[in-house]
Amino acid sequence: MEAFYKIELGIINVGSIKWRIDLDGDGYITSILLKDKGLLSGLYQFTGEYLSEGKILKGEFVSSRYKQFWETKKKTREVEILFNKEMVSVLVLKPKENESPRVDYLRVRGLTDPLSSFLNILVNGKNNFRTI
């Protein structure tokens, strides 16, 4: 299933979103692609790619992997998170953060990624996980 959206600021077209969801038995993959567009793209260029995959357990979307890529004229950011039993098992940030994390994600249970949280809210009306 795919959906396409325009990002608008008033009547000004700022960008576009392509959202894809693939459900396969007890598994899912969802992705979002963001792209600048219109008059403001000359001033503020951006592109973003987000991917989440995991299992559907008892009607809930439980993440196993999340990837994010974000790029503007001045900054590029990559994030990859692997989950094992609702816990973060691997967290990769590029460029690496100089600051220590405020939360030790490797010890917190009941976590999921932003896209899986969003799917849980859309499908179930709530999200029973904490979003990293």
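These legends describe close-up views of salt bridges and aromatic pairs in a predicted model.

Residues are numbered from 1 along each chain as its sequence is written, and side-chain values use heavy atoms, leaving out hydrogens and water. In this predicted model, local features need pLDDT of at least 70 and side-chain atom pairs count only at pLDDT 80 or more, while totals for chains, interfaces and linings use all residues.

**View 1. Glu2 and Lys18 form a salt bridge.**
Side chains of opposite charge can pair when their charged atoms come close. A salt bridge is a side-chain nitrogen of Lys or Arg within 4 Å of a carboxyl oxygen of Asp or Glu. The structure holds eight of them. Here the N to O distance is 3.6 Å. The pair links distant parts of the chain, with Glu2 in strand S1 (residues 2–9) and Lys18 in strand S2 (residues 12–24), 16 residues apart. Strands (E, at least two residues) and helices (H or I, at least four) are DSSP runs, numbered from the N terminus. Glu2 has a relative accessible area of 37%, and Lys18 has 30%. Both values fall under partly exposed. That class lies between buried (under 20% relative accessible area) and exposed (over 50%), using a 1.4 Å probe and protein chains only.

**View 2. Arg20 and Asp22 belong to a network of salt bridges.**
The closest N and O atoms of Arg20 and Asp22 are 3.0 Å apart. Arg20 is partly exposed at 33%. Asp22 is also partly exposed, at 31%.

**View 3. Lys6 pairs with Glu8.**
Their side chains meet in a salt bridge of 3.5 Å, N to O. Lys6 is exposed, with 59% relative accessibility. Glu8 is partly exposed, at 44%.

**View 4. Trp19 and Phe118 make a tilted aromatic pair.**
The structure holds three aromatic pairs. Rings of Phe, Tyr and Trp (its six-membered ring) pair if their centres lie within 6.5 Å; planes under 30 degrees apart count as stacked, over 60 as edge-to-face and the rest as tilted. The centres of Trp19 and Phe118 are 5.5 Å apart, and their planes sit at 40°, so the pair is tilted. Trp19 is in strand S2 and Phe118 is in helix H1 (residues 114–124), 99 residues apart. Trp19 is buried at 13%, whereas Phe118 is partly exposed at 39%.

**View 5. Phe46 and Trp70 make a stacked pair.**
Their ring centres are 5.7 Å apart, with planes at 20°. Phe46 lies in strand S4 (residues 46–57) and Trp70 in strand S5 (residues 60–72), so the pair ties together parts 24 residues apart in sequence. Phe46 is buried at 8%. Trp70 is partly exposed at 22%.
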